[in-house]
Amino acid sequence: MELDRILNHPGARVIPETESGIVVSSRVRVARNLRAFSFPGWLDVDGRVDVWQTLLGAIQEIPACSERVICPMSELTEMEKHLLFERHLISREMMARGEGCGVIVCPEDGFSLMINEEDHIRLQVLDAGLNLQSALKQADALDDAIEAQAEYAFSSKWGYLTSCPTNVGTGLRASVMLHLPALVLMQEMRPIINGLSKIGIAVRGLWGENTEAAGHMFQVSNQVTLGDSEEGIISQNEQIVQELVQHEENARIRLLEEKNVLLQDHLGRAGGILEKAHLLSSKEALNLLSALRLGIELKLITHLRRSVIDELLLLTQPAHLQKMFASDMKPDERDQARAELVKKRITQQTGD
Amino acid sequence: MLCDKCQKAPAAVHLTQVVDGQVKKIHLCEACAAKSGIDLQKTMSVTDVLMGLDHLVPETGTEKTETDSLCPECGISRAEYKRRGRLGCAACYEAFSDDLIPMIRAVHHHLQHGGKKPHAHAVPVEEADFSGDLKAALAKAVEAEDYETAAHLRDQMKDGNPSGRERHGT
């Protein structure tokens, strides 16, 4: 099916090799609901299908959406749903949904629309690096185009009305994915997470929770959606991300200067295991690949390119592995396939 | 301090919840917290704390029955939206505003949208409606002794700047 068009597209994961890789990607998500319908959680199947049809009709009229791939949940296999989930195109909540729910993706333009998840519309724009401003601009234009076709639930007091009041107002969640291995190694993430939560900024592990974040990948996002303007939310978020990048850079310098042996040992072990292991769990792979990624950025590892690691971080996820090996594997078989894939890619590049 | 539920073990989990504008504190021991579905290892979302944990509040016998209040448009009850932690439709915001105002204030620290508006809501029709909304919001803020928000709203009324955009330097 057309799903391959989504999967074959590199998406937001490719950052030019010359740029710092601390900021991996930026995402802007906007929640909207149609005035004429109850929120999705309270709609029956007929109601959801009605919303789905209404929105498909609206999107058909929008030139920016002409290259869309339509993925109705009722027509996807479990594996396909997991693939979309691993690409951050659908949520766990959406995976459990059926008829009248789905996602519309425009892979080449980096945006997608989840229909009938928690809200009727979850519009998402993904971009590489720190690009919240341009992502917001794109989301804003798409939002205007949809609004021209359909009446939104809006109140002048509460703003855009959402199924959960934690999203009311702008309905905007701006999140940035950051790779912060040095802050984790220096054990400085916890106070940062606690401090930022006090000013309404959430820091979560992309995989796993809190400081246990596998792969040392963190997502930084605004919690407050009501009161401030969209631009205000974005600029606060960007400012915090820039500060975090500085902290990470400082931590990297301190690691090199004060904990050099520890750092070298960390990188050496990661490389050794990844090259020699025959079984690799998902979490272990993420953590070790993260170490190599840090080594490459610090120029302590020179025989590998960062793009190889970034691709492996994506491809070693369970559904992506299943798709690549085209079979329904048990977890231990996946661990074996994962180890094989990593070894092959890493040694291949070494021989380049 | 003992657990509010079993009254035996020492309390290890302390929750603050806003119910009908009143702040309630709940203290639970680890075992009772786990039984109530609170995973101590997991970060709890603000929504969980503010909306979905009603069943944790010890029955005092003085609480209002929650079945009397229904949204006129979608028909869901206050108890239902609290149980699921999700509102039923746009009109629920008005129907359950007494519950929502303290909760929204706790999450967002604001009670007035300051961002984008659909084109259909452009001035001038909007402005007339809006001053009414502002007045109502001001009255509520004063009633709830939220003077910071009240001052904010008063300034907005003076400025005739409903969206608040200029305030944010945009």
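Welcome to the tour: across all chains, the structure holds 22 salt bridges. Keep in mind as you click around that this is a predicted model.

**Stop 1: a pair across the chains.** Select Glu73(B) and Arg35(A), which form a salt bridge whose closest N and O atoms are 3.0 Å apart. This pair crosses between chains. On the chain B side, Glu73(B) sits in the loop between helix H2 (46-52) and helix H3 (78-84). On the chain A side, Arg35(A) belongs to the loop between S1 and H2.

**Stop 2: another salt bridge.** Next, pick Arg86(B) together with Glu118(A); here the closest N and O atoms of the salt bridge are 3.3 Å apart. Between chain A and chain B, the count of salt bridges is five.

**Stop 3: the whole interface.** Now show both sides of the contact, with 40 residues from chain A and 43 residues from chain B. How much area is buried between chain A and chain B? The figure is about 3,700 Å², and carbon and sulfur atoms give 57% of it. Highlight Trp42(A), Lys157(A) and Trp158(A): these residues supply 21% of the area that chain A buries against chain B, more than any other three residues.

Stop 4: To place one of its members, find Asp44(A) in the loop between strand S1 (23-32) and helix H2 (45-60) of chain A. Arg35(A), from your opening stop, lies in the loop between S1 and H2 of chain A too.

Methods
Residues are numbered from 1 along each chain as its sequence is written. Chains are lettered from A and ligands numbered from 1 in the order in which they are written. This is a predicted model: local features need pLDDT of at least 70, side-chain atom pairs count only at pLDDT 80 or more; totals for chains, interfaces and linings use all residues. Side-chain values use heavy atoms; hydrogens and water are left out. Helices (H or I, at least four residues) and strands (E, at least two) are DSSP runs, numbered from the N terminus. Contact means heavy atoms within 4.5 Å. Buried area is the accessible area (1.4 Å probe) that two parts lose on being put together, summed over both. A salt bridge is a side-chain nitrogen of Lys or Arg within 4 Å of a carboxyl oxygen of Asp or Glu.
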